[in-house]
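Good morning, and thank you for making the time. I would ask you to keep the sequence and the structure in view while I speak.

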Amino acid sequence: MTALPALDPTLTFEQGPIRPPSEARSLLLRFTRNCPWNKCKFCPVYKRRTFSRRSLEEIKADIDAAAEMRREILALSKAMGHGGDVSAEVVNRVFSTPTVSDAFRNVAGWLYYGTGNVFLQDANNLVMKPEVLAEALRYLREKLPEAKRVTTYARSSTAAQRSVEELTMLRKAGLDRVHVGLETGYDPLLKFMNKGVTAAKQIKGGQNIKAAGMELSEYVMPGLGGRKWWREHAVATAEVLNQINPDFIRLRTLRVPERIELHKDLVAGDFVKLSDDETAEEIRLFIATLEGITSTITSDHMMNLIETVGGKLPEDKPKMLAILDDYLALPDHERLLYRICRRMGRCREPRDIDRMGLRSDLESNLARIEASGHNADEVLNELADSMV
Ligand code: SF4
């Protein structure tokens, strides 16, 4: 039997710390490092890390490394008799090779899943000079033929500064979708959270991206307004989105772990967190206020209480509101059981409890919490914060 070709242990490229949930099966390439703003009170991600730009040469060298990994993986597939198909057996072989880098494994997983999705890290690649970003995109498309959809994070304040012509050039160079952390459209709250943008700029940034023909995914943060501003947050955010009509509206509920700046406001009493049930009510008001748009809503984040609140506007709006109404109408004990189930990562929606036969197990868990003398709300809160 001929020996299989070796995988080069020196091959690697740089990757950043996060990606959107929808990019779980994407190739991750880092075009800039960290966040150029880095001041939002609720954001734990890039703290104590300095923003820096990567040169076009560095980015191209990373793409070259990814292309070489691809070549080695396809050669391995052929040598294993799979004819260039990256099957489970081929990807297992790569994953079980202890000397390969995490980036190598990412390329193997990407080829195996065959999504063709590439996510460009980190927080705001639109801050790059448009010509440099366009050149990097063209190079990526040339060297990695499997790349189908290329997406990135961006700040709406930067998108507002880019002309539609510049953004169109980026789309033509291969940037298909932009993920924007809108979080809220309520100006006093944007200011309090130090988001560094106004609602007017959020609208302009979003409209610019759409006018350039790119897909736009806007992240909204339920709970961000706290007790003081939950209504204003829900209504103003929906009104901003009504003027943008993004392709996707993604919910990602606020958590306040100790390491974020907002925690100081929480301790000082300047910010009061919403309960899970109050957050469900806020989301209901938010969705009810969305009008005249055709966005798809998703709740595919572990922080969210009910993952199945999602669908296409306008037709699925009644269904989404009904899911929230049904939850809010449950007896206290049922809501508590569901919250335990959700925070343990076992349920996506309340009916999963009986559908998956989890009731007696959840009752035992609740009894254990109560017997320990701990407050169930506090335990669930800690569990949820530990996921951030
Ligand atoms: S702009 Fe985004 S990544 Fe940067 S600090 Fe704010 S939320 Fe975090």
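The largest pocket holds about 910 Å³ of space. This is a predicted model, in which local features need pLDDT of at least 70 and side-chain atom pairs count only at pLDDT 80 or more, while totals for chains, interfaces and linings use all residues. Residues are numbered from 1 along each chain as its sequence is written, and side-chain values use heavy atoms, with hydrogens and water left out.

Let me state the terms. On a 1 Å grid over the protein atoms alone, a pocket is an open set of points with protein on both sides within 12 Å along at least five of seven lines, whereas a cavity is a set where a 1.4 Å probe fits but cannot get out; lining residues have an atom within 4 Å of a point. Grid points are joined across faces, edges and corners, and a volume is the space filled by probe spheres set on those points.

Which residues lie nearest the centre of the largest pocket? Of the 40 residues that line the largest pocket, they are Ile18, Cys43, Val45, Tyr153 and Arg252. The elements that give two or more residues to this lining are β5 (149–154), α5 (156–161) and β6 (177–183), and β6 gives the most, with 4 residues. Helices (H or I, at least four residues) and strands (E, at least two) are DSSP runs, numbered from the N terminus. By class, the lining of the largest pocket has 23 nonpolar, 7 polar and 10 charged residues. Here Ala, Val, Leu, Ile, Met, Phe, Trp, Tyr, Cys and Pro count as nonpolar, Asp, Glu, Lys and Arg as charged, and the others, Gly among them, as polar. Domain 1 (1–115) and domain 2 (155–329) each supply at least three residues to the lining of the largest pocket; the domain bounds come from an automatic or database domain assignment.

Where does the ligand sit? The ligand sits in the largest pocket, which requires that more than half of its atoms lie within 2 Å of the grid points. Around the ligand are Cys35, Asn38, Lys39, Cys40, Phe42, Cys43, Tyr46, Lys47, Ala123, Arg155 and Lys195, where a residue counts if one of its heavy atoms lies within 4 Å. This shell divides into 6 nonpolar, 1 polar and 4 charged residues.

As for annotation, an unreviewed UniProt entry lists residues 21–291 as "domain: Radical SAM core". UniProt positions are given in the numbering used here, feature names are shortened, and annotations may be inferred rather than shown by experiment. Over residues 21–291 the chain is 49% helix and 13% strand, with the end C-alpha atoms 26 Å apart.

I turn to the second largest pocket, in which about 340 Å³ of space lies. Of its 21 lining residues, Arg255, Leu274, Ser275, Asp276 and Asn381 are the closest to its centre. The elements that give two or more residues here are α11, α13 (332–343) and α16 (376–385), and α16 gives the most, with 5 residues. The lining of the second largest pocket comprises 7 nonpolar, 6 polar and 8 charged residues. At least three residues come from each of domain 2 (155–329) and domain 3 (331–388).

How many cavities of 30 Å³ or more does a search of the whole structure find? The search finds 2. The largest cavity has a volume of about 70 Å³, and its lining has 7 nonpolar, 2 polar and no charged residues, among them Leu251, Ile283 and Asn304. The second largest cavity has a volume of about 40 Å³; including Leu251, His233, Glu282 and Ile283, its lining has 6 nonpolar, 2 polar and 1 charged residues.

Finally, some points of backbone geometry. Most residues other than glycine have a negative phi, and most peptide bonds are trans. The peptide bond from glutamine 121 to aspartate 122 is cis, with omega near 0°, and aspartate 122 is in the loop between β4 (117–121) and α4 (130–143). The bond from leucine 313 to proline 314 is cis, with omega near 0°; proline 314 is in the loop between β10 (311–312) and α12 (317–329). Asparagine 34, although not a glycine, has a positive phi of about 65°, and its place is in the loop between β2 (32–33) and β3 (52–53).
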